[in-house]
Amino acid sequence: MEAQDTCQPTVSIDPLSPRNANYMMHLKMDEVAHKVYGRSTITWKNASPDTIRKVPFYMYLNAFKNSKTSYLKPGASRMPRGDIDHRPQEEWGYIEVLSAYQQGIGLPLIQRYIRPDDGNLNDNTVLEFDLINPVPPGGNLKIGMTYEAKLPKTISRVGYAAFGFHHWVHSYPKIGVYEQDDSGQWGWNCHQFLPHMEFYGDHGNYTGSIDVAAEYVVGASGCLGEVRTEGDRKIYEFSAEDVIDFAWVASPYLEVFEDSWEHVDIRLLYPASHSGLVGRLIGAVKNAMRYLDKHVGAYPYTTLTILDPPVYGLRSGFMEYPTYITGGSFYGWPKSIRTIESLIIHEFTHQYFMQMLASNEKEAPWLDEGFVTFYEDCIMEASYNRPTLINILGYEISNVEMTRNEYVSLPNPRISPIVARSWEVPGAYKGIVYSKTATMLQTLKAHLGAAAFDQMMKTYFENNKFSHPRRSDFEKVVRGALSRSDSHIAGSIESFLSQTLDGTQVCDYAVTDIVNTIAPASTGWYGEGVDRTYKSLSAEGMVKSVVKVERKGDFILPVVIRFIWKDGSTEELVWDGVETVYSFEFERESELLSAEIDPEFLLRLDVDRNNNSYTLQPDRLGMWKYALRTIYWVQNVLQASNLLM
Amino acid sequence: MGPVYLALLQASKRWRLILLIYLFQIVLALSLGLQIYGVLEASIGHSMSLRGLVGGFDYTTIQDLFNVHGASISPLVGMLRWCVISYLLVTAFINGGIWNIMWLDDNEETWMRFWQGGAKYFGRFLLIGLIMNLLLLIWTIVVWGWYVSSFFNMMETWFSDARIFWLGCGLLVVWLHGIYFLFLWTSYAKAYIVSTPGISVLKLLKGGFQLTIGRYIVLLPKVWLFVLLLLLVYAILFLIEGKVGITSSGLILVFVVLQQLIVWVKIIHRLGAFQFLWNDFNQIRGR
């Protein structure tokens, strides 16, 4: 079965979102020229108090129009220049509006490209129309347009590849978002396509048809309804509701596997060579659905399409679109490396953080990529045995460890705050936006406890789904959750938020020394009145222990320190963590053996876990184990190296 | 199995040689292993994270160690390079001694013959070894250079990644058989060096090459048997380690013994391979 006869994209008959931007699109693909000829009717609702006279549209396919666009110009893109500068003519893409009319008006709309971000005249990624009839507050705008979209050879997930593979992303004129900024000012939010740009759009309905050569298999956002055959063409009806974008794939050589989870029809498109991976991919996405349904909120859509791209279309992989995600795998991928599962889980999680919670992925990418990475790690942890990600020849890595390390091993972890805009995180986008955010959330979860954290995120989801949540919406639920908790950082909410979100501080607490000495003798009268007692020079057996702790970084948060004495007794104290050097002193009958800052590893942002503890009884076994292992492997290297000598 | 078993048996009786080779290896390996111990002790010696290393592989502990103390560890990589170079030179000498003993008398093994052979053949063995390693480098570039440099192009233009995968597997088999060829060649060349005094380098290379061509297919099953035996030993250790885990001082001790036993077995295995090819060489030459 390629498509359903009836197509109900969500479980709800009522709108789930405000449906501010709706698109009726009829798309006809020219498989040879890699083009689509489109007819769109866009209906937009003016939810602002302003009268709208100009309307900007994203024309992101033009990011791949020449080598000097704001996305591809030297210095902006990290892609190899050879892949950009030496592209032949047919490998460039573009999108052009051929005609545009406002409903009821016979004159064409005046259009011009604008460059609100950098003024780059070679960049045509935002197109502005002057409206003939302004749209009053609460009014509707209806624009009909025709356009031609030409795919580039695949670049940044969009494009055509060998064997008729076509991935249609950013391939239609899409209206910007008219909203209030943080200062309350209304205006259009419609950025040019800059590095690391992804999605920002209003929720709405996308309906229409896709006309392709009959041998093509089609996958798309939403659900596919009726399929008509007209000569050597097939026309697919599609419908996606309450989504922020629409993407589709067409390729003649894709197999289809269909499954379901609860109310969701899962449709996996994959190359024949990946038939052995189908179970892993479907299993992974079901794990994600199960977890997010329980810990965040319900998935209201009735479909999910997964593209596991063929090798020649692999550049289209690793991405998320509404109710349509792309993975990335390779024939024979070992089961002990769960990157393909992890990836599918990551992309599915974007259905929550990007799609339903449609934060501005350009200006606040941490609100989706960071959150998605966090949940990817949680889902892997809940669904698979440790090590969740890699288990090869004793080299074991779990997702949550990998994510933390991507942040703490950055050459400069202070390079940018989490809340930076997507094009303003130089060289450390993944480490900061994805990994530091996820590690911050792990820290928060560990301090709050899993149940309270889940409740916090459910509240965040319910309060903000089908809208454009911002930092303040997240901060609001964090403040609420932390203030209700009995965590030792409950009194440091603002400090935690400002340091983790705005700050670039590095967290590194350390225990640097433990010294046990015989306690100074106590002799003479102590106390007053009836409590006055005489102590003779008999302090033998009392030990004075001094523990030196340091704050090596500039991140400040209260931490728990656990002390363990030789007689087995323990004590936990909370240190405010403010001083750069601080000493704890004890006088007991037993020697202090060890001290450990943050023994439960709540503070995942600490960049050096090893110096968090100090013990006078070091475990030399671990050192011997690795020293002996080194000896063994050096022997093996020596033996292998001299085979031909 | 007969000739392989015989060769391994002959090799296993040369315990003094085995001990000598083992000592060279362990001294070089210890120089690095003890450094690792020293680095660990100086950097995280008092940390309670070390417990995680005893229990298994702890990615966080290891990565934080590298992130913070990487500068102390990276010189050890350079040191390993020097260890390998030193060992290659030592091997040229040791192999000279081994082949001299095999040439003079199968059963009589004296230190004198070993040292004499080492000194006598060091230069030529070293030269042959360097030539063969150069050929290995060329062979590797020939086999893998195209595959690696064309990999992304194949990904974009080939219909199926299964074909790319199986091509890689096929090339691996071809590459390994090339190494087998070079191993036969270097071994027969050494046999010529010890059995034909004064033979020129060109002639011994030519003789070794011709003999390798003639014996390549005939010996292939037996050499595979050698390889499989070795892989079996590794697999057994790997399985045991996977099941039991190295989590206590007793187990560390047990696995150290097992690991060193494997190193010992590999030395016997290499000597056995030499002996096997020497026996084969003699059989062909009617000695």
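How many salt bridges are counted between domain 1 of chain A and domain 2 of chain A? One salt bridge. By salt bridge I mean a side-chain nitrogen of Lys or Arg within 4 Å of a carboxyl oxygen of Asp or Glu. Arg414(A) pairs with Asp554(A), and their closest N and O atoms are 2.7 Å apart.

Some ground rules. This is a predicted model, where local features need pLDDT of at least 70, side-chain atom pairs count only at pLDDT 80 or more, and totals for chains, interfaces and linings use all residues. Residues are numbered from 1 along each chain as its sequence is written, chains are lettered from A and ligands numbered from 1 in the order in which they are written, and side-chain values use heavy atoms, with hydrogens and water left out.

Back to chain A. Domain 1 covers 383–502 and domain 2 covers 509–617; the bounds come from an automatic or database domain assignment. Over C-alpha atoms, the domain centres are 31 Å apart. Contact here means heavy atoms within 4.5 Å. On that rule, 19 residues of domain 1 touch 17 residues of domain 2. Together the two domains bury about 1,500 Å², with 64% of it on carbon and sulfur atoms. Arg404(A), His488(A) and Gln499(A) supply 36% of what domain 1 buries against domain 2, more than any other three residues. Buried area is the accessible area (1.4 Å probe) that two parts lose on being put together, summed over both.

Gln499(A) also belongs to a helix. In H9 of chain A, residues 493–502, the buried residues are Ile493(A), Phe496(A), Leu497(A), Gln499(A), Thr500(A) and Leu501(A). Buried is under 20% relative accessible area, exposed is over 50%, and partly exposed lies in between (1.4 Å probe, protein chains only). Their cover includes helix H6 (429–448) and helix H8 (471–484) of chain A. Helices are DSSP runs of H or I, at least four residues, numbered from the N terminus.

Now the chain interface. Chain B brings 83 residues to the contact and chain A brings 62. About 6,700 Å² is buried between them, 63% of it from carbon and sulfur atoms. Four salt bridges cross this interface.

Last, chain B. Is Ile138(B) buried or partly exposed? Ile138(B) counts as partly exposed because its relative accessibility is 45%. Ile138(B) sits in helix H5, residues 111–157.

Technical notes:
Helices (H or I, at least four residues) and strands (E, at least two) are DSSP runs, numbered from the N terminus.
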